[in-house]
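Good morning, everyone, and thank you for making time for this.

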Amino acid sequence: MLPGPTNVPERVTRAMVTPSINHRSDDFVELYEECVDNTKKIFETEGDAVCLSASGTGATECSVVNLVKKDDKVIIPVNGEFSTRLAQQIEWAGGQAIRIQTEPGVNATFDQVKEAFDNNKDVKAFYCVWNETSTGTMINYLDRIKDLTSRNDSYYVLDGVSIVGGEELHMDKWGIDIAMTGAQKAFACPPGISPICINGRTRKYMEANPPNTMYFNLPRYFKYYDEAKHTPFTPALPVL
Ligand SMILES: Cc1ncc(COP(=O)(O)O)c(C=O)c1O
């Protein structure tokens, strides 16, 4: 089985040929609210959900530009293409990526992650790719990471692009602050929408420290949703 894009059911394909609606209409509000609520159910979070009109890389970039500031230390296991890209995104945002580098197909152990935390007490965030799609390598200690991030309240961010919806995610229970996926993977939808969830304390941080970006500016998405259940920019309506 290929990791994706997955096959799209015919019922979903047919829904795309219905006439496009206005994204400032009541019909849109009903549609978007349902997408947001269902996303929160799948991620198991009481936080905010944003259905970004972007591919999975857009969602990972969005998490980075809203959280990582100049010289922030970020621990990240790297063992394949997508974790390599994510570490680069962190550095391009000005962060200092502390890579736990392992061979492709081999996961960093929990003890290696713990050691990285022990050696970097001032770490700002832990980023990880749950399922490194390029080698099919899945991390299975997501529930234990909060014991490390809770030491200094560092942030815990999960790239679940090729797996959320296929495996159960307990975002709030596992202490994950930001998580994202791509609708073209386990959701079996056409590409174009990438849901991202953000918990309350991370939202507060982002609002107090807004990013220098327009399209992926999450505080702007929170504001538009709170005020009118809208998105700030024109969404990819046929695939919502
Ligand atoms: C784990 C992971 N992260 C990020 C991406 C990038 O997603 P996209 O190609 O939708 O930008 C992928 C794509 O396969 C992925 O598997």
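I will go from the whole chain to a few elements and then to single residues.

Before anything else, please keep in mind that this is a predicted model, in which local features need a pLDDT of at least 70, side-chain atom pairs count only at pLDDT 80 or more, and totals for chains, interfaces and linings use all residues. Residues are numbered from 1 along each chain as its sequence is written.

Let me begin with the overall picture. The protein chain has eight helices and nine strands, where helices (H or I, at least four residues) and strands (E, at least two) are DSSP runs, numbered from the N terminus. The C-alpha atoms fill a box of roughly 55 × 45 × 30 Å along the principal axes. For 240 residues, a compact globule would have a radius of gyration near 18 Å, and the protein chain, with 17 Å, agrees with that; the radius is taken over C-alpha atoms, and the globule rule is 2.2 Å times the number of residues to the power 0.38.

How much of the chain counts as buried? Of the 240 residues, 41% do, and here a residue is buried if 20 or more other C-beta atoms lie within 10 Å of its own, exposed if 12 or fewer, and partly exposed in between, with the C-beta atoms placed from the backbone. Among the contacts in the protein chain with a separation of 6 or more, 65% are between residues 24 or more positions apart, a contact being two residues whose C-beta atoms, placed from the backbone, lie within 7 Å.

Now to the strands, starting with β2, residues 73-78. Five of its six residues are buried, so β2 is largely enclosed by the rest of the structure. Strand β2 runs parallel to β3, residues 96-101, and six bridges join them; two strands are said to pair if DSSP finds at least two bridges between them. Between β2 and β3 the chain passes through helix α4, residues 81-92, in a right-handed β-α-β crossover, which means that, with the strands pointing away from the viewer, the path from the first strand over the helix to the second runs clockwise. Strand β2 also pairs in the parallel sense with β4, residues 125-129, over two bridges. Isoleucine 75 has isoleucine 98 as its bridge partner in β3, and isoleucine 75 also stands opposite phenylalanine 126 in β4.

In soluble globular proteins, nonpolar side chains tend to be buried together. Here the largest nonpolar core has 61 residues, and those with the most contacts inside it include Ile76, Ile90 and Tyr127; such a core is a set of buried Ala, Val, Leu, Ile, Met, Phe, Trp, Tyr and Cys residues joined through C-beta atoms within 7 Å. Leaving aside neighbours within four places in sequence, tyrosine 127 is in contact with Val74, Ile76, Leu86, Ile90 and Val157.

Let us turn to helix α3, residues 56-67. Its 12 residues, at 1.5 Å a residue, should span 16 Å, and its end C-alpha atoms are 17 Å apart, which agrees; the expected span is 1.5 Å times one less than the number of residues. Because 10 of the 12 residues are buried, α3 is largely enclosed by the rest of the structure. Apart from neighbours within four places in sequence, valine 65 is in contact with Ala93, Pro211, Thr213 and Phe216.

Finally, a word on phi. Most residues other than glycine have a negative phi, and most peptide bonds are trans. Glutamate 44, which follows α2, has a positive phi near 55°, and glutamate 44 is partly exposed, with 16 other C-beta atoms within 10 Å. Aspartate 153 also has a positive phi near 55°, and this residue lies in the loop between α6 and β7. With 9 C-beta neighbours inside 10 Å, aspartate 153 counts as exposed.
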